[in-house]
Amino acid sequence: MSSKEDTQRGESVIQGRQKRPGVSGVSRRTFLATGATGVVASLVGCLGSSGSSSSLPSATYRHRYQRSGLDAAPNDAGVELGLWEEEGIDVEFTTSNGSQAAAQSIAQGQDKFGNAEISAVLRQIQEGSSLRIIGQVIDPMAGVVSTAEAGIESWTDMEGKVIGQYPFGATGPLAMAALEKRGGDPSNVETRNMQPGSEEALMMEGEIDAAVTYFPQAVARLEQNGYETNVLIITNVLENLGVSLFTRQEVIDDETELVNSFVRGWLRAHKMFATDLDAVIEAYRDKVPNFDEELVMTTVGPIYASRVPTRELGTSRGKGWTPADQLETTQSVLRDAGLLEESRDVEEYYTNEYIEDNQELAIETAEAFYEALDADYDVGPDYV
């Protein structure tokens, strides 16, 4: 890991200036807490009928955030283009105000499936819920983002600086854990709370030196405004997992075929995301207020890279496979960062059976991302 210890700078961050004209990219395994940045908040809207007259068995799928960028695109497109219906299930995809809200919704039986930052899922399990992880959605893509002028080129350069962080979620504590692991002292860092969406303006105005945030869009926005950037990627240091796909044990016990159909549709939606991006964006863009297609297209490379594991794992196990050893590491990281009180036997709360049951499709899905990355982008699945 030492070769990735220090910052990714300037063009090497959106490193992957992509091979497609006018499109640039960043990396994998690094959108960390887009879900961990969750507020324990009420869900947006009330669940109800999707208005479908379908006689198919139905299920709600709760996303951890409001729609932004391309994060929710595969799921919305999967619904709009009928991929779940073709697997015999009518899925309603809905949003929420953060990972904690999404995890609570599934734990309380308001939804059958959800995706959330793994710290939120594990906290619900710690509190006695029967949540079970059935797949990995994305690798963590959060980091300490700064302009080159701030001079934060290694973790210890954070000392003596003013760092913005969200007042909720896991990103801030995990960044401090990474700093400490690299030999720094978090007590020498001044942290200030910030709200999502304010980070780039705060850096450009000189109110903060850096921000702990979902970095691909932050980097893209800063670069659009003429700034060179540095990024310290948290998961390069901590090797933690990111956003998980999950349900309740009761659903697994009572509706296992529904779970299998859901996972198949989910894999197919991701495969289409890799093979027909134009169709996915067409099905998605009108759902996002003020959708900035030019901006989000600069992040496609890292988003693709974050959606799949290393080639060795992806070509043998496929998209969505959850490694037990990495779950163990993640538990330890979250406990050390004060985000989890205890560790449990990971076998109690996750299963790869549905990825295994659909292994051919899971591998095809992973390989579709690898092919897209190889053909069009300068980043690969092992970028982070």
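Before I start, one definition: a residue is called buried under 20% relative accessible area, exposed over 50%, and partly exposed in between. Keep in mind that this is a predicted model.

Asp-345 shows how the cut-offs work. Its relative accessibility is 41%, so Asp-345 counts as partly exposed. Asp-345 is in the loop between α14, residues 324-336, and α15, residues 353-357. Together with Asp-325, Glu-328, Glu-347 and Glu-348, Asp-345 forms a negative surface patch.

Next, the salt bridges. Side chains of opposite charge can pair when their charged atoms come close. How many salt bridges does a search of the whole structure find? The count is 17.

Take Asp-111 and Arg-62. They form a salt bridge, with 3.1 Å between the closest N and O atoms. Asp-111 sits in the loop between α2 (99-107) and β4 (113-117), while Arg-62 belongs to strand β2, residues 58-62, so this pair ties together parts 49 residues apart in sequence. Are the two partners buried or exposed? Both Asp-111 and Arg-62 are buried.

Now Glu-87 and Arg-264. Their side chains meet in a salt bridge, at 3.0 Å from N to O. This pair links distant parts of the chain, 177 residues apart: Glu-87 is in the loop between α1 (73-80) and β3 (90-94), and Arg-264 is in helix α9, residues 256-275. On accessibility the two partners fall into separate classes. Glu-87 has 18% relative accessibility and therefore counts as buried. Arg-264 has 26%, so Arg-264 counts as partly exposed.

The last pair is Arg-285 and Glu-282. In this salt bridge the closest N and O atoms are 2.5 Å apart. Arg-285 is at 25% relative accessibility, which means that Arg-285 counts as partly exposed. Glu-282 is at 54%, so Glu-282 counts as exposed. Going back to Glu-87 and Arg-264, they belong to a network: salt bridges with shared partners join them to Glu-86 and Arg-268.

Val-263 is in helix α9. Its relative accessible area is 0%, so Val-263 is buried.

At 1% relative accessibility, His-63 counts as buried. His-63 and Phe-93 are 7.2 Å apart in space, C-alpha to C-alpha, and 30 residues apart in sequence.

Terms used: Residues numbered from 1 in each chain as written. Predicted model: local features only at pLDDT ≥ 70, side-chain atom pairs only at ≥ 80, totals over all residues. Heavy atoms only, no water. Salt bridge = Lys/Arg side-chain N within 4 Å of Asp/Glu carboxyl O. Helix = DSSP H or I, 4+ residues; strand = E, 2+ residues; numbered from the N terminus. Buried < 20%, exposed > 50% of the residue type's maximum accessible area, 1.4 Å probe, protein only. Patch = residues over 30% accessible without salt bridge, like charges linked within 9 Å, V, L, I, M, F, W, Y side chains within 5 Å. Areas by Shrake-Rupley, 256 points an atom, 1.4 Å probe, with all protein chains shown as cover. Lys, Arg positive; Asp, Glu negative; His and termini not counted. Charge placed at Lys NZ, Arg CZ, Asp CG, Glu CD.
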